[in-house]
Amino acid sequence: MENSAPAPDSRLPWEFGTQPSLSIGAVDSGEADQLFQVTDATRLADGRIVIANSGSNELRVFNADGSHAATWGGRGEGPGEFISYSPTAVASWRGDSIAAVNPWGTRLSLFDADGNHGRDVSLDPTMLDVIDLLPDGKIFTSSGGGLSGNMTGSSGLVRSNAEWGILDADGTLLASLGEFPGSEFYAIFAADGSLQGGMPHPFGRGTLGAVWGEFVAIGVQDSYEIKAFGMDGSLVRVVRREGDPESPNQADLDQYYARFYADLPDDERTNALNSVRDMPLVESWPAFSEILSDRAGHLWVRGYRTAAWTVFDPEGRVQGLIETPPGLRIFEIGEDYLLGWVYDELGVEYVQLWSLSREISS
């Protein structure tokens, strides 16, 4: 499916509320609504919201009115417990189950609707980067593709490939989707070629993915192209949109680090800037920054240097552009709501629900 780029000033006639319809979060309450390192959230069919509060290794459950209902899990290595800044994701699963990802424990923890721990699913140890969870129990994963101590070479940009695949409900590999480029890192190698260290490039390209209806979608950020795969690993659709990404220059890189290190003391800022003075330029800006899908089967792709999302219909045709509430990191898009995370100037975290109207305004 080939698409022209929407006009930059065009917008879909969809509307969000002027304020969140629900906001969960508090300053120093000492209660469950004081959130810390939220990594994900999902809205259940009965209106409850389950928050993955990885700073306390818990799932915190709130009623539709925002009152605290229950807390599940906790820190530990036992069944239904979480370790090392997890759970990293939470979603509805088969039946009325809720699945939470515990990658450092190499497993999913499954709870029933009342929070009773049912069982753990051991994940394929080579595919621990969980991209998304499918309602039928399948798991969309990759092998990561970051820096490896086995790398050798000379200092500069490196980019290893990662295997992407679909795991069955028992955590075993169901279908391989092939290898895709990982994120671009600036790697520093010693004279003998051994890896000494490295850091992600601030404008580095990689590969993103999301569940898209009955398919999974994968997009390599080098160009505006999204591939959709079936559960058997077959390629079923390729969606493209016009618009070749431009290339950043040295001024862009200098301005980025000047802002990034602006709050450090003078001597620390100087040392930090010196540590990145040899950072090379990437070939181009990433073509997009996020991929999500909504429960109506639309694919949402966010631009890299713009707040606007391009929305595609279930067949991959461009419907138009839309801007979501500023500062909101989106976890879930329902037919009539957005669920996401935001923080204020004090660093206080909130999980918010925003209404979404897809009716054309009169």
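Analyst: Two strands pair if DSSP finds at least two bridges between them. A strand is itself a DSSP run of E with at least two residues, numbered from the N terminus. This is a predicted model, where local features need pLDDT of at least 70, side-chain atom pairs count only at pLDDT 80 or more, and totals for chains, interfaces and linings use all residues. Residues are numbered from 1 along each chain as its sequence is written, and side-chain values use heavy atoms, with hydrogens and water left out.

User: Why are E17 and E18 called paired strands?

Analyst: E17 (residues 185-189) and E18 (residues 195-200) share five bridges, and at least two are needed, so they pair; the sense is antiparallel.

User: What makes up the open sheet, and in which order?

Analyst: Three strands, running E14-E17-E18 with antiparallel pairing.

User: Why are E14 and E18 called edge strands?

Analyst: E14 (156-158) and E18 each pair on one side only, and that's what puts them at the edges.

User: How twisted is the sheet from one strand to the next?

Analyst: The average is 40°, an angle between N-to-C directions on a scale from 0 to 180 degrees, using axes fitted to C-alpha atoms.

Notes: Helices (H or I, at least four residues) and strands (E, at least two) are DSSP runs, numbered from the N terminus.
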